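Student: I'd like to learn how to read a protein model. Could you walk me through one, feature by feature?

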Amino acid sequence: MKNLFKMSKEVFLLSLCTVVSPSLAENNERPNIIFILADDLGYSEIGCYGQKLIETPNIDNLAQKGKLFTNAYAGSPVSASSRCSLMTGLHAGHAYIRGNDEWIEKGDVWNYTKASNDPNLEGQRPIPANSVTIAKLLKGQGYRTGCFGKWGLGAPFTEGVPEKQGFDLFFGYNCQRQAHSYFPNHLWRNDERVPLNNKIIPPGTKLPEGADIYDEKTYEQFFQSDYSAEIILNESMKFMEDNVRNPFFIFYSTTLPHKPVQAPKRLVDKYVKKFGDEKPYIGGSYYPCRYPRATYAAMVSYFDEQVGDIVSKLKELGIYENTIIIVTSDNGPGYDTEHFNSASPFLSISGRVKGSLYEGGIRTPFIAVWDKKIKPGTISDMPITLYDLLPSFCEVSGAPIPSITDGISIIPELLGKKGQKQHEFLYWEYPHSGGQQAVRYGKWKALRININKTGNTQIKLFDLSRDIQELHDVAEQYPDIEKKMEYYMSVSHTKPALDVFYLKPFDK
């Protein structure tokens with residue numbers, strides 16, 4: 001693995017086709033695949049995982065129609081690296097992208113107005129041209145492939161853009177920073193900038209001096225004409241219609257419910273009525289909002305509505321029965337998490353949610369539905385993670401499973417069949433927020449924090465069967481387990497190709 005990114009393209013691709021997917025595709029049962037990835041949706045922000053304040057009837061219904069996982073994990077505690085793990089089937093110790101890297105060498109990339117007008121300032125550092133992605137593998141099996149929503153794995157005009165990584169069609173935000181508004185002045189259709197009927201209003205724009213912060217009209221400027229979440233959904237629907245006679249893979253990478261809080265007024269009004277009055281958010285890093293909690297709840301409910309719309313479209317087209325639908329999140333929650341108890345039963349406090357390798361930062365909801373294939377209303381406690389999706393989708397499509405992958409196919413578990421392989425352990429690392437590593441091994445969870453901040457290499461050890469909130473470090477009581485976890489961390493970490501992702505004590 002240490003020389004993975006030094007291989008020639010030819011050698012790398014030859015290394016892939018050593019494991020062949022069995023059974024399903026051979027029986028001409030190649031399903032459509034719709035993978036729905038929410039942005040910053042917490043483990044318990046939907047009803048079937050215990051949410052009390054926000055209503056998500058469509059996703060709850062999917063859980064009744066399919067299988068709900070209680071031990072599903074993101075690939076990383078933040079967006080870009082989690083998506084890289086998903087797309088390439090590699091955990092963060094082997095992946096090329098291991099955090100959010102805004103590629104600041106390009107210039108004034110954080111200037112929203114400049115980047116809105118200059119595509120050379122947009123986007124994140126690209127994954128390599130020879131990356132093996134889910135989309136490339138499925139496209140090789142005759143699937144039509146579409147990505148709708150947020151990308152974040154390669155700036156415009158680089159080798160990392162979706163259409164160079166296996167997608168026939170991409171529509172949405174190339175750049176994570178541009179996604180900090182639901183009313184951008186443009187989106188992308190492959191390499192074409194698609195203008196929208198919105199003015200450029202940089203995130204962080206303040207209310208006019210002397211404005212009445214309790215008057216809803218004060219905030220109207222921040223809700224413009226073209227709401228990106230609606231437009232992106234419509235494009236995905238058209239893709240389904242255009243490919244109804246072909247097997248297709250849709251990566252529905254929505255920005256919902258990531259900040260800023262901007263949602264359709266009809267849903268905001270519903271939650272204002274439900275929650276009552278609240279203190280306005282008058283601005284900071286994101287846009288001001290009269291009813292921030294009601295609006296955030298409305299965003300989650302709007303995401304839920306979109307899931308329902310996708311299911312309805314599949315049924316309308318007559319292809320619901322032959323479509324796998326998965327709903328999950330890219331990492332833990334990041335908005336008012338204590339109020340919504342967004343990561344319950346894990347701690348929902350700052351430092352324990354998005355951006356951390358505690359359970360609240362990486363444990364995610366995960367629901368899978370495949371009509372007449374997955375037994376309705378079932379629950380799985382099997383530990384799985386996003387990097388398992390690449391081999392899983394290979395199996396159902398007939399694509400060769402790469403020999404270089406950290407994932408395992410979870411198709412037997414989905415279908416309730418025998419022979420499901422299990423992970424010996426799961427591994428994460430994250431170079432930011434002080435620098436972190438984590439391992440899940442059975443009931444045990446090991447965590448290193450402040451690796452880059454202080455040079456710390458001491459491991460915290462938690463027994464998740466007794467301490468789900470990771471409050472009690474028992475490393476001194478179980479030195480053998482601590483040693484095993486240290487070994488897993490050591491063998492899993494490889495030196496990153498990019499120094500911005502170094503864990504400094506190990507990558508000098």
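Student: Let's begin with a strand pair: which residue in β13 is the bridge partner of Y430?

Tutor: Strands of a sheet pair through backbone hydrogen bonds, either parallel or antiparallel. Here the bridge partner of Y430 in β13 is Q436. Strands are DSSP runs of E with at least two residues, helices are runs of H or I with at least four, and both are numbered from the N terminus. Two strands pair if DSSP finds at least two bridges between them; β12 and β13 (residues 436–441) have five, in the antiparallel sense.

Before we go on: this is a predicted model, where local features need pLDDT of at least 70 and side-chain atom pairs count only at pLDDT 80 or more, while totals for chains, interfaces and linings use all residues. Residues are numbered from 1 along each chain as its sequence is written, and side-chain values use heavy atoms, with hydrogens and water left out.

Student: Which strands form the open sheet, and in what order?

Tutor: Four strands, in the order β12-β13-β14-β15, with antiparallel pairing. At the edges stand β12 (426–430) and β15 (460–463); each has a single partner strand, so one side of each is left without a neighbour in the sheet. From one strand to the next, the twist averages 15 degrees.

Student: What about S228: is it buried or exposed?

Tutor: Buried means under 20% relative accessible area, exposed over 50%, and partly exposed in between (1.4 Å probe, protein chains only). S228 has 0% relative accessibility, so it counts as buried. You'll find S228 in helix α6 (residues 228–242). Its side chain makes a polar contact with the side chain of Y173, at 2.7 Å. A polar contact is a pair of N or O atoms within 3.5 Å; within protein, one must be able to donate a hydrogen and the other to accept it, and residues adjacent in sequence count only if both atoms are side-chain atoms.

Student: How many disulfides does a search of the whole structure find?

Tutor: A disulfide is a covalent bond between the sulfur atoms of two cysteines. The cut-off used here is a pair of cysteine sulfur atoms within 2.5 Å, and the search of the whole structure finds zero. Take C84: the closest cysteine sulfur, in C147, is 14 Å from its own, too far for a bond. C84 counts as buried, at 1% relative accessibility, and C147 counts as buried too, at 0%.

Technical notes:
Axes fitted to C-alpha atoms, helices over the stretch in contact; angles between N-to-C directions.
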